[in-house]
Amino acid sequence: MSSPGAVCEEGQLSAAQADAFVGMITAFRDLQSTLCLVAPPPETMTELTGAIENVATRLKEFEVGEGERFARDLGMRGQGHPVLIPYRVTELSETSMLGSVSFGLANMGGDGTAHGGAITMLFDDVLGTFVSRRGQPDSRTAFLKVDYRNITPVNRELRLTASIDRIEGRKTFVTGALADGDVVCAEAEALFVRVLPPQP
Ligand SMILES: CCCCCCCCCCCCCCCC(=O)SCCNC(=O)CCNC(=O)[C@H](O)C(C)(C)COP(=O)(O)OP(=O)(O)OC[C@H]1O[C@@H](n2cnc3c(N)ncnc32)[C@H](O)[C@@H]1OP(=O)(O)O
């Protein structure tokens, strides 16, 4: 079955590899979310811990070097990484981006709202990827400021916007926002600086 929204147009993976990997990551995310909801008896937890350890042991058979790892195929917009928040890009121009995102239960801080750190991580990933595509590749976050304007609900489709404000030499200044309908949940302001060789 094809995973909805699997995107790898810039990556090295074939469509079949990308679909299969995103499927595995999606199952892992479901596990993380489920863990936030349950209260099993100790013997069940011991049994399931063994099952999870077995999966990790099996996967370790396929460890590869940097550059060959599927999770680093960053063309997949957060979908191919077990911890990043997956999002969709619906419009992309030279200086702006529109997309959508939904935080899962595993990203919850409390009372059905997203953890502030998860929101900041989303902005870093979205703005960094956007700068790589439309600003300057090989840039790193120099600063990232987030204003939490209102609570950010989990399990709800939110609007994600980003724009490049200006480029000065190696510096790309960007802003981003996350909104629930007309309500602005959070806003971000960031500077990405293009690294110079031999910087890693
Ligand atoms: C095939 C295609 C694929 C496409 C799809 C690709 C996808 C690919 C997506 C990646 C998506 C992941 C996005 C995550 C991105 C991270 O999270 S990166 C990790 C977090 N960031 C870091 O670890 C950065 C650590 N810091 C550093 O490495 C260095 O401090 C930096 C940022 C490279 C800058 O150091 P530097 O190169 O020595 O530059 P430096 O001379 O200090 O500063 C350059 C200029 O920036 C200014 N500046 C530097 N820092 C600051 C600051 N904090 N505040 C204000 N100004 C500053 C300086 O004042 C200077 O300004 P000018 O004098 O030129 O006007």
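How many residues does the hairpin that joins strand 1 to strand 2 pass through? The hairpin joins the two strands through three residues. This is a predicted model: local features need pLDDT of at least 70, side-chain atom pairs count only at pLDDT 80 or more, and totals for chains, interfaces and linings use all residues. Residues are numbered from 1 along each chain as its sequence is written.

**Overall make-up**

- The protein has three helices and eight strands; helices (H or I, at least four residues) and strands (E, at least two) are DSSP runs, numbered from the N terminus.
- Their order from the N terminus on is α-α-β-β-β-β-α-β-β-β-β.
- A compact globule with 200 residues would have a radius of gyration near 16 Å, and the 18 Å of the protein agrees with this. The radius is taken over C-alpha atoms, and the globule rule is 2.2 Å times the number of residues to the power 0.38.
- Taken along the principal axes, the C-alpha atoms fill a box of roughly 60 × 40 × 30 Å.
- Of the 200 residues, 26% count as buried. A residue is buried if 20 or more other C-beta atoms lie within 10 Å of its own, exposed if 12 or fewer, and partly exposed in between, with C-beta atoms placed from the backbone.
- Among contacts with a separation of 6 or more, 64% come from residues 24 or more positions apart. Two residues are in contact if their C-beta atoms, placed from the backbone, lie within 7 Å.

**Domains**

- The domain assignment gives domain 1 (1-84) and domain 2 (85-194); such bounds come from an automatic or database domain assignment.
- The centres of domain 1 and domain 2, taken over C-alpha atoms, are separated by 23 Å.
- Eleven residues from domain 1 and twelve residues from domain 2 make up the contact.
- On the side of domain 1 that touches domain 2, four residues are nonpolar, five polar and two charged. Ala, Val, Leu, Ile, Met, Phe, Trp, Tyr, Cys and Pro count as nonpolar, Asp, Glu, Lys and Arg as charged, and the others, Gly among them, as polar.
- An unreviewed UniProt entry places the feature "domain: Thioesterase" at residues 112-182. UniProt positions are given in the numbering used here, feature names are shortened, and annotations may be inferred rather than shown by experiment.
- Over residues 112-182 the chain is 27% helix and 46% strand, and the end C-alpha atoms lie 19 Å apart.

**The pair of strand 1 and strand 2**

- Strand 1 (residues 87-92) and strand 2 (residues 96-101) run antiparallel and are joined by five bridges. Two strands pair if DSSP finds at least two bridges between them.
- V89 has G99 in strand 2 as its bridge partner.

**Backbone details**

- Most residues other than glycine have a negative phi, and most peptide bonds are trans.
- D111, in the loop between strand 3 (108-110) and strand 4 (113-114), has a positive phi near 50 degrees. D111 is exposed, because 8 other C-beta atoms lie within 10 Å.
- N155, in the loop between strand 5 (139-148) and strand 6 (158-168), has a positive phi near 55 degrees. N155 is partly exposed, because 13 other C-beta atoms lie within 10 Å.
- P197 and P198 are joined by a cis peptide bond, with omega about 10 degrees. P198 is in the segment after strand 8 (183-194).

**Around C36**

- C36 is in the loop between helix 1 (15-35) and helix 2 (42-60).
- With 12 other C-beta atoms within 10 Å, C36 is exposed.
- Not counting residues up to four places away in sequence, C36 touches L105, A106 and M108.
- C36 and M108 are 72 residues apart in sequence, and 8.7 Å apart in space, C-alpha to C-alpha.
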